[in-house]
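Colleague: Please take me through how some labels on this model were assigned. I would like the value and the cut-off each time.

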Amino acid sequence: MAMPASEVSLKHVYSVWAVPPEDVAQRITKLMEGLRSEFGGPQFQPHVTVVGAISLTEQHALDKFRSSCNGVKAYTATVDRVATGSFFYQCIYLLLHPTDEVVGASAQSCEHFGYTRETPYMPHASILYGDLTEDEKKKAEEKANNLDESISGLSFQINRFQLWKTDTDDKTLKSWEKIAECSLN
């Protein structure tokens with residue numbers, strides 16, 4: 001059955017995520033659970049945002065996602081340190097080394113999506129979403145380093161991208177949905 005025309009042209013907010021391999025994802029998830037148990041916040045999958053929130057129809061998003069996946073090769077990401085940010089979606093995160101590969105993969109994907117950043121790309125994997133005070137952030141940062149003492153310096157291969165529907169107004173993340181996945185060459 002064909003979708004009604006209004007459904008086809010309906011725009012949603014999409015993001016492209018670089019996803020760590022299963023073993024690394026489990027390790028980061030454990031760290032995230034440890035932080036959530038004390039500081040609360042919604043549950044989400046470990047990821048590095050490659051293309052930030054962009055409003056598109058699902059078909060456009062899928063087309064652009066497929067073409068962007070073809071252009072990016074698998075690459076290595078390395079955690080620099082645990083860091084704190086100033087807004088909900090960057091509360092506590094793993095800051096990644098901005099190597100040419102990491103920055104290039106994002107730049108290439110953004111180009112396919114016609115996405116323009118307002119600020120320079122800061123590759124990171126959030127480990128806690130929330131609105132914490134500066135004191136709480138400091139505590140959360142310390143706790144993250146205590147929970148996984150060797151997380152700084154961790155290197156891992158990025159060989160999968162995922163397309164997610166990410167309504168940034170939904171801070172429960174309950175409406176967030178994985179739409180597609182591709183393997184990088």
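**Labels and their grounds**

Modeller: The model is predicted. To begin with the helices, H3 and H4 cross in the right-handed sense. H3 (residues 58-71) and H4 (residues 100-113) pack at about 145°, with axes 9 Å apart.

Colleague: What makes H3 and H4 meet, and which residues are involved?

Modeller: Contact means heavy atoms within 4.5 Å. On the H3 side the residues are Ala61, Lys64, Phe65, Ser67, Ser68 and Gly71, and in H4 they meet Gln108, Ser109, His112 and Phe113. The residues of this contact comprise three nonpolar, six polar and one charged.

Colleague: How many aromatic pairs are there in the whole structure?

Modeller: The search finds eight. One of them is Trp17 with Trp164, at 4.3 Å centre to centre and 20° between the planes.

Colleague: Why is the pair of Trp17 and Trp164 called stacked?

Modeller: Centres must lie within 6.5 Å and planes under 30 degrees apart. With 4.3 Å and 20°, the pair is therefore stacked. Trp17 lies in strand S1 and Trp164 in strand S7, so the pair ties together parts 147 residues apart in sequence.

Colleague: What makes Trp17 and Trp164 buried?

Modeller: Buried means under 20% relative accessible area. Trp17 has 2% and Trp164 has 10%, so both count as buried.

Colleague: Why is the pair of Phe88 and Tyr89 called edge-to-face?

Modeller: The label needs planes over 60 degrees apart. Phe88 and Tyr89 have 90° between the planes and 4.9 Å centre to centre, so the pair is edge-to-face.

Notes:
Residues are numbered from 1 along each chain as its sequence is written. This is a predicted model: local features need pLDDT of at least 70, side-chain atom pairs count only at pLDDT 80 or more; totals for chains, interfaces and linings use all residues. Side-chain values use heavy atoms; hydrogens and water are left out. Axes are lines fitted to C-alpha atoms, for helices over the stretch in contact, and angles run from 0 to 180 degrees between N-to-C directions. Helices (H or I, at least four residues) and strands (E, at least two) are DSSP runs, numbered from the N terminus. A crossing is left-handed if the near helix is turned anticlockwise from the far one by less than a right angle, and right-handed if clockwise. Ala, Val, Leu, Ile, Met, Phe, Trp, Tyr, Cys and Pro count as nonpolar, Asp, Glu, Lys and Arg as charged, and the others, Gly among them, as polar. Rings of Phe, Tyr and Trp (its six-membered ring) pair if their centres lie within 6.5 Å; planes under 30 degrees apart count as stacked, over 60 as edge-to-face and the rest as tilted. Buried means under 20% relative accessible area, exposed over 50%, partly exposed in between (1.4 Å probe, protein chains only).
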